[in-house]
Amino acid sequence: MVPQSRQSLPAPDSPRSSQSPAPSGIQGDLELELLGLANALYNLGTTVINDSTKERDKPGGGKQVGPRVNDVVTHLATLDDMSQHISAMIPVQVLADIDNSRNPMQLTKERLERAATENQFMNGKIAAINSYRQFLDDAIAQNFPEIQSKLKETDSDSHPQE
């Protein structure tokens with residue numbers, strides 16, 4: 001079995017597995033171009049590291065940094081051209097988080113967990129209010145039996161799902 005090259009392996013935090021194809025149209029082209037840019041940046045980084053360490057003292061060893069930089073610039077120019085045809089809006093907060101080296105997938109997870117926690121907190125408040133209302137209705141019905149039928153009507157009107 002032939003091992004896969006490093007470039008064909010998806011990033012570990014990639015939202016899509018390597019078996020699923022890119023979407024069709026401009027979104028798929030954009031995704032493939034971004035993948036190409038990520039690979040070009042990786043290649044540039046490894047070339048810079050190699051040039052500054054191992055191959056520094058090699059006589060006649062042609063530096064590969066220039067072509068790698070040109071490859072990155074080409075990908076960026078292509079992305080800039082593609083951006084003219086895309087109408088999708090990206091929230092500024094997402095871009096700021098990426099600039100601050102925060103993983104968007106982790107941010108999404110944190111925000112979903114926060115929303116779930118706040119939802120549980122609000123459900124607890126609603127349950128407490130319903131419990132208090134039931135306690136109050138029982139006390140009113142005990143002390144004012146003549147309006148007990150009115151309490152049941154308003155209770156069934158305000159809580160049709162229960």
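These legends walk through several views of a predicted model of one protein chain.

Figure 1. Welcome to the overview: the secondary structure of the protein chain consists of five helices and zero strands. Followed along the sequence, the pattern reads α-α-α-α-α. Of the 162 residues in the protein chain, 12% are buried. The chain exposes about 13,200 Å², and carbon and sulfur atoms supply 58% of that area. Among contacts with a separation of 6 or more, 55% come from residues 24 or more positions apart.

Figure 2. Is His75 buried or exposed? With 16% relative accessibility, His75 counts as buried, because the cut-off for that label is under 20%. The side chain of His75 is joined to the side chain of Glu33 by a polar contact of 2.6 Å. Once neighbours within four places in sequence are set aside, His75 is in contact with Glu33, Gly36, Leu37 and Ala40.

**Figure 3. A nonpolar patch on the surface.** Three residues share this view: Ile90, Leu95 and Ile98 form a nonpolar patch, with about 270 Å² of accessible area together. Ile90 sits in the loop between α2 (65–83) and α3 (92–99). The relative accessible area of Ile90 is 53%, so this residue counts as exposed, the cut-off being over 50%.

Figure 4. Side chains of opposite charge can pair when their charged atoms come close. In this view, Arg111 and Asp97 meet through their side chains in a salt bridge, at 3.1 Å from N to O. The pair links distant parts of the chain, with Arg111 in helix α4 and Asp97 in helix α3, 14 residues apart.

Figure 5. Glu118 counts as partly exposed, at 43% relative accessibility. Arg114 is exposed, and its relative accessible area is 58%.

**Figure 6. Another pair in helix α4, Asp137 with Arg133.** Asp137 forms a salt bridge with Arg133, and 3.9 Å separates the closest N and O atoms. That distance still qualifies because the cut-off is within 4 Å. Asp137 and Arg133 are four residues apart in helix α4, so about one helical turn separates them. Asp137 is buried, with a relative accessible area of 13%, while Arg133 counts as partly exposed at 26%.

**Figure 7. Gln134 and Leu151.** Our last stop is Gln134, placed in helix α4 (residues 104–143). Gln134 is partly exposed, with a relative accessible area of 37%. How far apart are the C-alpha atoms of Gln134 and Leu151? They are separated by 10.0 Å, for two residues 17 apart along the chain.

Note on methods
Residues are numbered from 1 along each chain as its sequence is written. This is a predicted model: local features need pLDDT of at least 70, side-chain atom pairs count only at pLDDT 80 or more; totals for chains, interfaces and linings use all residues. Side-chain values use heavy atoms; hydrogens and water are left out. Helices (H or I, at least four residues) and strands (E, at least two) are DSSP runs, numbered from the N terminus. Buried means under 20% relative accessible area, exposed over 50%, partly exposed in between (1.4 Å probe, protein chains only). Contact means heavy atoms within 4.5 Å. Accessible areas come from the Shrake-Rupley method with a 1.4 Å probe; for residues, only the protein chains shown count as cover. Patches are made of residues with over 30% relative accessible area and no salt bridge: like charges are joined within 9 Å, nonpolar side chains (Val, Leu, Ile, Met, Phe, Trp, Tyr) within 5 Å. A polar contact is a pair of N or O atoms within 3.5 Å; within protein, one must be able to donate a hydrogen and the other to accept it, and residues adjacent in sequence count only if both atoms are side-chain atoms.
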